[in-house]
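Thanks for asking me to look this model over.

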Amino acid sequence: MDVIRARHSVRDYERRPIEPETLAALQRVVDGCARDSGLDIQIVTDNPEAFQLVARVGFVRGAATHIAFVTDGSAQDEAVGYWGQRIVLAAQALGLNTCWVAFIARKKSRAQVPADKTLRIGIAVGYGTTQGSPRRTKPADALCAIEGRGPAPAWFATALEAAQLAPTAMNNQHFRITLRADGRTVCAQATKRGGWNAIDLGIVKRNFEEAANETGADWRWE
């Protein structure tokens with residue numbers, strides 16, 4: 001939870017490379033996520049132009065490194081969000097800053113993309129000029145439902161806070177998390193389809209899961 005609370009999207013980065021030992025540690029995380037998920041996940045370094053959408057102007061400034069997710073399209077979106085957020089949290093723990101970037105300059109990225117694949121989304125990684133700032137979130141009761149009687153258990157409240165803090169496209173938070181009547185089964189769903197909502201759901205599920213597991217609760221996904 002400390003890492004989740006500390007992590008904010010950062011768009012402005014110092015123009016310095018990531019230290020070799022830190023980059024190696026991040027590479028190990030990426031390799032593990034790629035192995036466990038079956039996704040094609042690549043760290044791309046020395047590639048600041050990937051964020052220059054129009055001439056030298058971009059949504060992200062100063063970052064030279066990004067994580068590229070190369071997929072068949074949108075079918076793997078939830079997995080991309082789930083495993084990508086694992087990398088984001090690991091990067092934060094390593095002293096790095098990150099930003100999910102949908103509008104990446106795909107033709108300028110040096111990621112290895114076969115002709116039948118696409119660079120679905122990227123994550124900027126580096127040393128931010130700031131640590132970013134919190135965004136407004138919807139109230140917890142607008143993002144969850146609790147079946148049965150009585151208040152939500154403490155572990156669920158903690159995990160829901162982590163879900164509230166998950167980055168989503170345009171900060172839209174189009175998701176809903178339901179605690180079933182047995183008090184341990186959890187269902188997470190996107191409340192809108194299309195766009196980046198499936199990736200957002202994967203990100204939310206990762207944050208929720210990390211926090212719930214940290215509490216030691218006996219729980220499971222539906």
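1. Ala-105 sits in the loop between β3 and β4; helices (H or I, at least four residues) and strands (E, at least two) are DSSP runs, numbered from the N terminus. Ala-105 is buried, because its relative accessible area is 10%; buried means under 20% relative accessible area, exposed over 50% and partly exposed in between, with a 1.4 Å probe and protein chains only. Beyond its neighbours within four places in sequence, Ala-105 is in contact with Glu-49, Ala-50, Gln-52 and Leu-53, where contact means heavy atoms within 4.5 Å. Ala-105 and Glu-49 are 56 residues apart in sequence, yet their C-alpha atoms lie 7.6 Å apart.

2. A word on the basis of all this: the model is predicted, so local features need pLDDT of at least 70 and side-chain atom pairs count only at pLDDT 80 or more, while totals for chains, interfaces and linings use all residues. Residues are numbered from 1 along each chain as its sequence is written, and side-chain values use heavy atoms, with hydrogens and water left out.

3. Now follow β3 itself, residues 97-101. Five of its five residues are buried. Asn-97, Cys-99 and Val-101 are on one side, with Thr-98 and Trp-100 on the other, and both faces are covered. In a regular strand the side chains alternate between the two faces of the sheet.

4. What does β3 pair with? Its partner is β4, joined to it by five bridges and running antiparallel; two strands pair if DSSP finds at least two bridges between them. Thr-98 stands opposite Val-125, and Asn-97 is opposite Gly-126. Glu-19 belongs to the loop between α1 (2-6) and α2, and its 29% relative accessibility makes it partly exposed.

5. The sheet around β3 is open, has four strands in the order β1-β2-β4-β3, and pairs in the antiparallel sense. Because β1 and β3 are at the edges with a single partner strand each, one side of each has no neighbour in the sheet. From one strand to the next the twist averages 20°. Helix α2 packs on this sheet, touching β1, β2 and β4, and its direction makes about 165° with that of β1; axes are lines fitted to C-alpha atoms, for helices over the stretch in contact, and angles run from 0 to 180 degrees between N-to-C directions. Helix α3 lies across β1, β2, β3 and β4, at about 160° to β3.

6. Helix α2 is worth a check of its own. Its 18 residues (20-37) should span 26 Å at 1.5 Å a residue, and the end C-alpha atoms are 25 Å apart, which agrees; the expected span is 1.5 Å times one less than the number of residues. Among the buried residues of α2 are Leu-26, Val-29, Val-30 and Cys-33. Their cover includes β1 (40-44), β2 (65-71), α3 (77-93) and β4 (118-126). After α2 comes Gly-38, with a positive phi near 80°.

7. Which residues touch the most other members of the largest nonpolar core? Ile-67, Ile-177 and Phe-208 do, in a core of 50 residues; a nonpolar core is a set of buried Ala, Val, Leu, Ile, Met, Phe, Trp, Tyr and Cys residues joined through side-chain atoms within 4.5 Å. Helix α3 gives the most to this core, with eight residues. A second, separate core of 14 residues includes Val-44, Ala-50, Val-101 and Ala-124.

8. Please look at the other sheet too: it is open, with four strands in the order β5-β6-β7-β8 and mixed pairing. Here β5 (144-146) and β8 (220-221) are the edge strands, each with a single partner, so one side of each lacks a neighbour in the sheet. Strands β6 and β7 (185-190) pair antiparallel over five bridges, and Phe-175 has Ala-190 in β7 as its bridge partner. Helix α5 packs on this sheet, touching β5, β6 and β7. Helix α6 (197-215) also packs on the sheet, touching β6, β7 and β8.

9. Finally, Gln-173 is in the loop between α5 (154-164) and β6 (175-179). Gln-173 counts as buried because its relative accessibility is 2%. Its side chain reaches the backbone nitrogen of Lys-138 at 2.7 Å.

Technical notes:
A polar contact is a pair of N or O atoms within 3.5 Å; within protein, one must be able to donate a hydrogen and the other to accept it, and residues adjacent in sequence count only if both atoms are side-chain atoms.
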